[in-house]
Amino acid sequence: MSRMLVVGAGIIGLSCARALLADGHQVTVLDRDPPGDKASFGNAGGLGVTEIIPASVPGLAWKVPGWLFDPLGPLSLRAAHLPKLAPWLVRFLRSGTWPEVERISGALATLASRTYEDMLPLLAELELMGDLHQVGSLWVYETREGFEADARFRTMRRSYGLVCEEIDGAAARAMEPALSDVVRYAMFTPQWSHVSDPKRIVDRLRSHLEQRGVPMIAGEVAGIAGNEVATADGRRLPFDRLVIAAGAWSGRLAKLIGDRALIESERGYNTTLPNPGISLSREVIFAERQFVATPLDMGLRIGGAAEFAGLEAPPNYDRSNALAELARRYLPGLSIAGGTRWMGHRPTTPDSLPVIGRSPRRGDILYAFGHSHTGLTFGPTTGKLVAELVAGRTPTVDVAPFGIERFQ
Ligand SMILES: Cc1cc2nc3c(=O)[nH]c(=O)nc-3n(C[C@H](O)[C@H](O)[C@H](O)COP(=O)(O)OP(=O)(O)OC[C@H]3O[C@@H](n4cnc5c(N)ncnc54)[C@H](O)[C@@H]3O)c2cc1C
């Protein structure tokens, strides 16, 4: 039994803590604000098992200038952040070749294949099985050009057993009557699910662990020396093994021990509408515009956007407003009054693969971060893999593609 210190009380850190506790370790979680807001709270709540295609794909570079030109388009970069972003961006563009896309999709598919096997026991343990809605998702398109452009990705998904049913606009409206006539093509992915409230899962998991004796310590990591973490307010916390699961901030912590991680905050926005005036029965993905709408307990959540502006810049909530406005094009009955706006930091690597594995410098320090758009989906599996690595068991999934070494 080792003293395990896990930094980060988001879905990834807590999933690691749960798996390590199940192995009999003495586990402590450290977070600057354990119950405070984080990416794991306000996300879209999708179990995106078909999300195996990386963000950087051939042809993307041609679309980027148009997106950047639109001040409220799906992608934005803050000029002041560009010098810091440059190495990440170079690596991102280098990842956009077909052989890389095939390799990365294969690695993500191994994680995706575990989703339900690892998520269902967690939800059962938290008594939240009723929060899981296994109703699939609908990807809608306005143009044949957009639908055809994704054909190769549908083929790739199918090669991993992921079902992608091609339907027309009328069939999509039969499934979701709130959709307007602008939808002409669609893809139904029945293996996808969504949850009632992503925050409830994290809150319940945190108190579940606390009830089982896992302390949730409030403190910010300022240094790592020997087998102690120093907090910003001067405390020293000893560990036998340390797990760094600090989301978009993890690169800073890896740097403390000399490891390089290319990780950026891909800032995402949403608006949650308590009285949307329409209803959806499943998550709808507006594929050509890169945003989604999910029916959650607290309302219809409309979210997306990828903003690269670093960890400190204040949110630009015009992005939340813009997404809600754009949604009316597809959902004409939508009422956008009274929405709650939110921004969260997706921890995103340039190759869309998470970082899961040991530090090459220190075998007693493990990394679990960089889950970008799929942290909720891959959280429980990541926890399981970290516990397997700590125990010296053969990991259920080959973790070689997720090593931090790829950034050295
Ligand atoms: C708009 C949006 C929509 C999304 N939709 C989905 C979806 O539908 N499905 C899905 O699977 N994923 C989705 N995601 C992605 C998902 O939310 C993230 O991948 C996931 O929440 C990351 O979890 P995490 O635990 O790594 O990070 P976080 O939840 O951000 O937690 C990191 C924690 O580390 C702590 N921390 C950081 N630095 C320090 C330090 N120095 N000392 C102490 N503590 C520290 C922070 O306080 C924080 O609590 C979405 C994300 C966004 C933004």
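A: Start with the lining of the second largest pocket: nine nonpolar, four polar and seven charged residues. Ala, Val, Leu, Ile, Met, Phe, Trp, Tyr, Cys and Pro count as nonpolar, Asp, Glu, Lys and Arg as charged, and the others, Gly among them, as polar. This is a predicted model: local features need pLDDT of at least 70, side-chain atom pairs pLDDT 80 or more, while totals for chains, interfaces and linings use all residues. Residues are numbered from 1 along each chain as its sequence is written, and side-chain values use heavy atoms, without hydrogens and water.

Q: Which domains supply that lining?
A: Domain bounds come from an automatic or database domain assignment. Here, domain 1 (3-41 + 199-262 + 352-407) and domain 2 (54-97 + 134-192 + 264-348) each give at least three residues.

Q: Which residues come nearest to the ligand?
A: A residue is near a molecule if one of its heavy atoms lies within 4 Å of it. The ligand has 33 such residues, and Asp31, Ser40, Gly46, Ser372 and Thr377 come nearest. By class, this shell has 12 nonpolar, 16 polar and five charged residues. Both domain 1 and domain 2 contribute at least three residues to it.
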